[in-house]
Amino acid sequence: MAMATRRLFHLQPCENSATMSQNGFLEDAGYLKCDTNCISEAPEENLEDEVCDTVNSSVVSGESIRFFVNVNLDTQPSQTAETEASGGCVLLHTSRKYLKLKNFEEEIRAHRDIDGFLAQASIILNETATSLDDVLRAMLHRFAQDPHHAEPGCDMDLLMTVLFTDAGAPLESNVHLLSDTIQGVTATVTGVQYQQSWLCIICTVKSLQRRHVCISHLVRPQNWGENSCEVRFVILVLTPPKMKSTKTATEVGRTFATMFSDMTFRQRLLETRTVEEFKEALVHQRHLLTLVSQRRRKSSTKYHSTCSISHKPLQRKDFLSLGKGIRDDIARRFPVYPLDFTEGIMGDHSAVGKYITTTIFLYFACLLPTIAFGSLNDETTKGAIVIQGICDDYQLDFKAFYAWTGLWNSFFLGLYAFFNLSLVMKLFKRSTEEIIALFISITFVVDAVKGMVKIFRKYYYGHHLDDYYTGKTASLVSLLGPNTSLHADLNTSLHADLNTSLLTRLPELTTEASHVHTGRDTAVLSLLIMLGTLWLGYTLYQFRRRPYLHPYVREILSDLALPIAVLTFSLIASYGFQEIEMSKFRYNPRENLFEMAQMDLLSPEAISSAMGLGFLLSMLFFIEQNLVAALANAPENRLVKGTAYHWDLLLIALINTGLSLFGLPWIHAAYPHSPLHVRALAFVEERVEHGHIYETIVSVKETRLTSLGASILVGLSLLLLPFPLQWIPKPVLYGLFLYIALTSIDCNQLFERVALLLKEQTAYPPTHYIRRVPQRQIHYFTGLQVLQLLLLCVFGMSPLPYMKMIFPLIMIIMVPIRYNLLPRIIEAKYLDAMDAEH
């Protein structure tokens with residue numbers, strides 16, 4: 001029949017064997033002390049108030065301190081006939097959930113909740129009412145009497161109704177229980193002991209406009225049923241439904257429940273006689289909780305600093321141990337090296353299907369952007385690169401200068417590896433890494449837009465120009481037609497002059513525009529193809545979140561989103577619209593790909609110039625290689641086999657040495673391909689926190705087979721040139737750029753905080769920085785990051801090649817900006833909170 005659901009929530013348990021401080025706090029566990037087994041500490045005159053503070057229950061075993069949140073969710077009754085048939089029986093749904101104690105040192109909302117309550121001062125001392133209903137009515141009446149926080153459209157009777165489970169229950173049920181409460185409990189080996197002397201009641205009311213908190217101090221302990229036998233304090237929290245995630249009724253109730261979970265604090269409140277004394281006790285307790293949190297954080301920091309090398313500060317001797325980083329990397333990675341080829345292939349947990357889909361994704365993600373970038377550079381620089389331009393300016397042999405530049409680049413990279421300079425990347429905070437990562441994503445978008453603009457200039461506006469000149473020709477011919485008097489009068493000299501001065505220019509104009517397609521449909525179709533590739537790819541990428549098809553099928557479609565989108569719209573553009581010309585990349589074959597450069601063609605001065613350019617390139621390679629490795633090995637990716645920053649850098653130097661001698665392109669770790677590669681090999685779960693859905697990586701298959709397979713396929717792609725690879729239109733490649741850029745900004749905290757500027761506060765996610773940092777400081781920090789991003793864009797996207805050469809120096813400048821400039825604007829603790837991993 002009519003039923004009311006009841007949900008019971010618990011808070012996070014404490015660790016066992018926690019030591020007790022003099023103030024009654026559990027210092028190393030992070031939770032506050034309960035009343036259990038501490039009755040002797042209370043003054044003699046108040047023993048009777050605390051003697052029955054706890055009640056045993058045999059539900060859970062263990063030793064912990066928790067908050068107990070009791071939630072009752074009402075459902076509407078079905079029909080009166082069903083109620084009569086059931087004999088007045090109703091159903092009560094019960095569930096439990098843990099909540100962590102409020103951290104008064106890190107969570108700024110804890111202090112603001114207390115400050116707001118102190119300003120409102122809704123405190124009732126010496127309440128004589130004995131029933132729970134009378135106590136709550138007195139507290140609601142205090143709300144109504146407050147002239148500064150009055151709720152004109154609020155019905156007190158309605159508020160009383162929603163506080164209990166019988167709000168929507170049938171009249172015959174007589175089930176009168178609180179809907180939503182928070183209590184402190186202690187789990188012991190004999191059961192669960194509830195803190196009986198206080199009760200926090202929370203409720204979300206649609207008719208409210210602001211939050212309200214009231215505390216009532218009862219004259220005598222009251223017995224209000226099971227687990228509430230000796231209640232002396234009642235905390236009532238009412239909030240509107242649309243609130244920021246840190247301002248909900250649960251969060252506000254958690255603040256006050258954390259304070260009241262300490263018996264010493266409650267004992268102090270029993271001794272207060274005035275409202276001012278009550279407020280002073282609250283302020284003192286807040287100060288004690290902040291100190292406890294600080295001590296706990298310092299002890300945790302000390303523990304991690306002794307257990308983790310990554311937290312040690314850099315010293316000069318770290319860079320003087322020649323090759324130590326390489327030896328450590330080999331020692332760390334060599335024992336698990338065979339697993340890089342056998343994991344997922346042999347054993348019970350096979351992942352062959354995931355390896356195949358990831359290999360195909362990585363093949364397309366590596367090959368097609370290379371073609372697109374090469375096509376754009378070919379159009380922009382007419383087949384030359386930056387080094388080619390320098391060689392043309394100073395009349396140097398390109399192959400020799402390219403080889404010397406690459407050799408110097410590899411030489412410096414080798415020095416960086418042997419002297420353990422990758423340790424410097426510890427100075428790059430998460431915010432700095434995300435600025436550079438977002439810059440790379442922006443470059444993909446800019447390149448896609450540039451390519452589409454060139455297509456429109458060539459086909460759309462070029463066709464309009466051709467129509468303009470055709471119209472002018474027609475008007476001149478009509479002007480000189482036989483039916484006009486002007487033609488008759490100027491049939492001799494003037495007609496000849498017009499033919500020579502105007503009409504003879506038309507072949508030149510026609511010659512200039514002869515390469516332009518005569519239809520605008522090419523430009524419009526190119527735009528649709530680019531956007532269609534982006535739409536289909538990103539839709540399939542998000543398909544694992546959809547409820548359609550089997551989960552395994554959804555995962556395959558998500559992993560193959562990029563290849564499916566590229567192949568689909570390549571077929572649509574090439575075969576569905578054969579009558580429309582599409583822009584394709586130009587293929588310039590070479591007779592010999594492995595022709596060694598003649599190193600002796602350069603003078604010593606030119607070799608020295610190549611050394612300077614190689615040094616700047618080595619800085620760029622060093623930063624990007626280590627940055628991409630750090631992003632791929634981020635803690636949220638849950639990689640377990642360890643890192644190899646120094647060894648990887650040495651391998652890059654050795655490989656690029658051979659590539660430089662033959663004039664082949666250099667390699668290094670690429671963003672966002674490497675993080676996306678990790679993401680493709682990951683097993684992801686969706687979780688919900690405070691109504692916000694987010695994805696978390698459970699595990700990652702750490703294998704070399706996918707990258708090895710993709711590299712082999714890229715090499716075999718030489719056999720597919722010029723056909724069928726040339727069938728892929730340029731708009732598809734530009735759509736690929738947009739897809740890579742869009743998928744790479746997932747979990748980019750800088751992008752998420754920029755998006756906060758466009759969201760209302762109720763839609764803010766409950767992230768760690770939202771809880772720990774004031775909103776204004778968050779926006780200040782975001783604005784400063786955007787300024788640094790613009791600085792990178794100015795130098796990194798400049799058309800001047802010499803400005804691009806100093807781009808690595810601009811990236812290094814980000815480090816002193818973070819450590820020296822930003823702390824002068826934003827407090828260091830807030831900067832550290834926003835740079836934290838979670």
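Modeller: Let's start with the classes: Ala, Val, Leu, Ile, Met, Phe, Trp, Tyr, Cys and Pro count as nonpolar, Asp, Glu, Lys and Arg as charged, and the others, Gly among them, as polar. This is a predicted model, where local features need pLDDT of at least 70 and side-chain atom pairs count only at pLDDT 80 or more, while totals for chains, interfaces and linings use all residues. Residues are numbered from 1 along each chain as its sequence is written, and side-chain values use heavy atoms, without hydrogens and water.

Biologist: How many nonpolar, polar and charged residues does the lining of the second largest cavity have?

Modeller: Seven are nonpolar, one is polar and one is charged. The lining includes Phe 143, Met 156, Leu 208, His 212 and Glu 151.

Biologist: What makes a space a cavity?

Modeller: A 1.4 Å probe fits at its points on a 1 Å grid over the protein atoms alone but cannot get out, and lining residues have an atom within 4 Å of a point. The structure holds four cavities of 30 Å³ or more.

Biologist: Which helix gives the most to the lining of the largest cavity?

Modeller: That is α24, with three residues. Helices here are DSSP runs (H or I, at least four residues), numbered from the N terminus. α20 (551-559), α24 (673-680) and α26 (730-744) each supply at least two lining residues. By class, this lining has five nonpolar, two polar and three charged residues; Arg 544, Asp 559 and Arg 679 are part of it.

Biologist: Why are α29 and α31 called roughly antiparallel?

Modeller: Helix α29 (residues 775-796) and helix α31 (residues 807-821) pack at an angle of about 165°, with their axes 9 Å apart. Angles over 145 degrees count as roughly antiparallel, and α29 and α31 are therefore roughly antiparallel to each other.

Biologist: Which residues in α29 and α31 meet?

Modeller: Gln 788, Leu 791, Leu 792, Phe 795 and Gly 796 in α29 meet Phe 807, Ile 810, Met 811, Met 814 and Ile 817 in α31. The contact (heavy atoms within 4.5 Å) has eight nonpolar, two polar and no charged residues.

Conventions: 1 Å grid on protein atoms, 1.4 Å probe; cavity = no way out; pocket = protein on both sides within 12 Å on 5 of 7 lines; lining within 4 Å. Points joined across faces, edges and corners; volume = space filled by probe spheres on them. Axes fitted to C-alpha atoms, helices over the stretch in contact; angles between N-to-C directions. Parallel < 35°, antiparallel > 145°, perpendicular 65-115°, else oblique.
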